[in-house]
Amino acid sequence: MRAARAAGAILPFAAIAFAFAARRGRGGAAELEPHPPRPGAVSPPPFAVKLPPPTRDDVEEGLRRAFGETVHPAGGLSRSLVGDFNGDGSEDVAVPVSPAAGRLEELNDGLANWRIQDALDQAAPGHGPPKGERSAVTVEPQDVLLAVVHGYGVRGWRDERARQCYLVRHATGAPLEARPRSDLLRYVRRVPDDARLTGDVILASAGRRPGFVYWTGARYSWHPLPSRAQPIAP
Amino acid sequence: MRTLRLSFLGVAVAAFVLPAAFSDTPAEAPTGFDSLTNGFTPQTQFDADRGVFEEREGIADGLGPVYNAQSCAECHQNPVTGAISQVTEVRAGHFDGVNFVDHPGGSLINDRAIDASIQERVLGGNEVRTFRTSLNTLGDGFVEAIDSNTLVGIANGQPSGMRGQFIQVPVLEAGGLVRGGRFGWKNQHASLISFSADAYLNEMGITSPLQPTENTSNGNSTAAFDTVPDPDNDGTDVEAFARFMRATKAPPRDAALAATPDAQAGSQLFDQVGCNICHVRNITTAPSGTVINRGAFTVPPELGNKLIHPFGDFLLHNVGTGDGIVQNGGQSTRNKVRTAPLWGMRTRGRLMHDGEMLNRNETILRHAGEATGVINNYRSLTTAQKNQLIVFLNSL
């Protein structure tokens with residue numbers, strides 16, 4: 001009887017100890033060789049489809065989709081430029097625009113769906129975080145800005161999903177022409193040491209200095225052309 | 001009578017404890033910015049390992065010849081040792097139109113050298129350049145303890161246009177056998193020992209048995225400046241770094257902010273918009289006793305079967321931010337980076353892989369590529385809703 005009582009007292013504790021021991025050792029197995037994962041998402045093939053030149057309607061629609069009614073083309077839609085400016089293989093569009101009357105507050109809203117940048121404000125990557133981003137760049141009534149809408153997939157900036165967009169100050173100087181990255185590389189012989197060219201460029205002067213606007217990977221920035229540079233034939 | 005009481009007590013305790021012991025319900029992983037151990041090591045060991053992590057190395061310890069910092073804690077310090085900082089490193093190379101080609105001497109361009117004549121710089125013709133911000137290491141023991149198949153399962157559950165890429169990378173301490181990568185911006189490491197040995201060499205210039213060869217300076221030998229025979233360290237420091245990281249708690253939420261109505265509404269919007277497809281909220285680590293790192297480590301009870309909230313999937317995605325660098329994952333990973341785990345995000349002022357984004361809204365809008373649909377959902381939110389989402393992010 002005494003032994004049975006003792007057993008009755010010990011058994012529950014023994015069971016607890018066993019349970020914990022079993023739990024501790026329950027893994028014991030080696031991590032299995034991973035099952036073959038399904039293929040990761042594939043980036044769209046670059047320019048798989050030859051896209052037609054932009055029409056007035058296309059550009060208006062592209063701007064409206066990205067910016068709503070906050071901007072309108074400055075000097076007509078004939079100045080719209082296309083190219084793969086951010087180097088993702090999808091066609092983008094760039095158009096000089098002016099702020100629509102009465103829309104400045106909306107344009108400069110800190111939670112707006114576009115990013116406002118100044119092409120002259122920041123150094124290229126490799127020179128540290130830009131000064132310009134610290135104080136927000138704002139749109140002024142008289143500004144003429146370069147509106148850029150990044151493309152998505154094979155339809156590029158015409159795709160309904162293409163909404164990533166930028167308003168860039170100091171990026172609309174003459175001649176305002178898009179050039180493939182390869183053209184620029186032929187022209188300047190090699191990539192300027194302080195520019196990270198990932199896509200096509202936009203030739204645009206800043207004041208009287210010829211240069212080009214390019215995507216750094218995070219923003220649009222202006223870079224001067226070498227002084228002995230010759231104009232690139234379209 | 002006393003035996004009876006004991007027996008009754010034993011049965012009562014067993015009734016409560018046994019179900020818990022056999023339950024598969026994961027326990028919440030401990031969190032805190034408090035420099036206290038998660039239990040993997042005793043506090044005294046944790047403090048000693050943290051001391052090694054914080055130690056400033058000099059030339060006599062093997063520092064350099066080229067390096068980025070004198071101590072792990074120089075880059076992993078805010079708000080406590082092991083976390084993040086604003087410090088970035090530079091990577092560079094060339095894209096020939098088809099493939100990424102490493103910069104001479106490797107894509108990492110060290111910012112410091114023990115002699116001015118071997119200072120590295122980005123050479124002309126290497127137009128692919130990027131900064132990489134310092135990553136958080138708090139809670140990395142739990143991340144290491146995630147079964148690779150869990151990561152594969154997360155990827156397989158993502159929509160095809162957003163499916164993360166799972167890569168397998170060498171585990172140095174297992175003779176180079178591979179395991180699912182999860183550490184570093186390119187998922188270039190799968191184990192904390194491998195990660196530590198890599199960082200000791202590449203960030204501090206200190207060789208160890210797993211990484212015994214000094215880096216070059218832009219491809220040129222630095223042997224003439226290397227006064228300490230290799231390996232500079234016998235590997236004990238690498239083990240201390242890994243042990244420290246394994247014993248850290250995961251980054252905690254800002255509980256007060258998280259409890260606000262705005263943060264709670266923002267939390268729902270986070271899921272509603274689809275951010276949680278890649279910034280995965282909940283992951284459970286492998287059961288204790290599981291042998292991982294190709295046999296080199298066994299998950300202890302303190303790290304096993306724990307529920308963590310990394311807000312990341314530890315997979316590679318192309319979200320249009322470039323990077324352009326290839327490390328362990330092959331050319332298909334050139335423009336992909338690991339989803340940034342958002343735990344501890346409120347301690348960062350500079351965001352994304354290059355630290356170039358300075359506010360939350362711009363950071364969100366910079367996402368493109370695979371994230372396009374999700375970001376378009378964000379764009380359709382009202383200003384008030386966007387603010388709520390940002391309040392939620394600030395609680396992480």
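In the predicted model, both faces of strand S7(B) are covered, with Val128(B), Thr130(B) and Arg132(B) buried on one side and Arg129(B), Phe131(B) and Thr133(B) buried on the other. In a regular strand, side chains alternate between the two faces of the sheet. Because 6 of the 6 residues of S7(B), which spans residues 128-133 of chain B, are buried, this strand is largely enclosed by the rest of the structure. S7(B) runs antiparallel to strand S3 (residues 88-95) of chain B, to which it is joined by 6 bridges, and within this pairing Val90(B) has Phe131(B) of S7(B) as its bridge partner.

Chain B also contains an open sheet of 3 strands, arranged in the order S1-S13-S10 with mixed pairing. Strand S1 (27-28) and strand S10 (283-284) of chain B stand at the edges of this sheet, each with a single partner strand, so that one side of each is left without a neighbour in the sheet. The pairing of S1(B) with strand S13 (residues 306-308) of chain B is parallel and extends over 2 bridges, with Ala27(B) standing opposite Lys306(B) in S13(B).

In chain A, Arg181(A) is located in helix H4, which comprises residues 181-188. When neighbours within four places in sequence are left aside, Arg181(A) is in contact with Leu197(A), Thr198(A), Gly199(A) and Asp200(A), as well as with Glu127(B). The C-alpha atom of Arg181(A) is separated by 16 Å from that of Ala94(A), a residue 87 residues apart from Arg181(A) along the chain.

Technical notes
Residues numbered from 1 in each chain as written. Chains lettered and ligands numbered in written order. Predicted model: local features only at pLDDT ≥ 70, side-chain atom pairs only at ≥ 80, totals over all residues. Heavy atoms only, no water. Helix = DSSP H or I, 4+ residues; strand = E, 2+ residues; numbered from the N terminus. Contact = heavy atoms within 4.5 Å. Buried < 20%, exposed > 50% of the residue type's maximum accessible area, 1.4 Å probe, protein only. Pairing = 2+ DSSP bridges.
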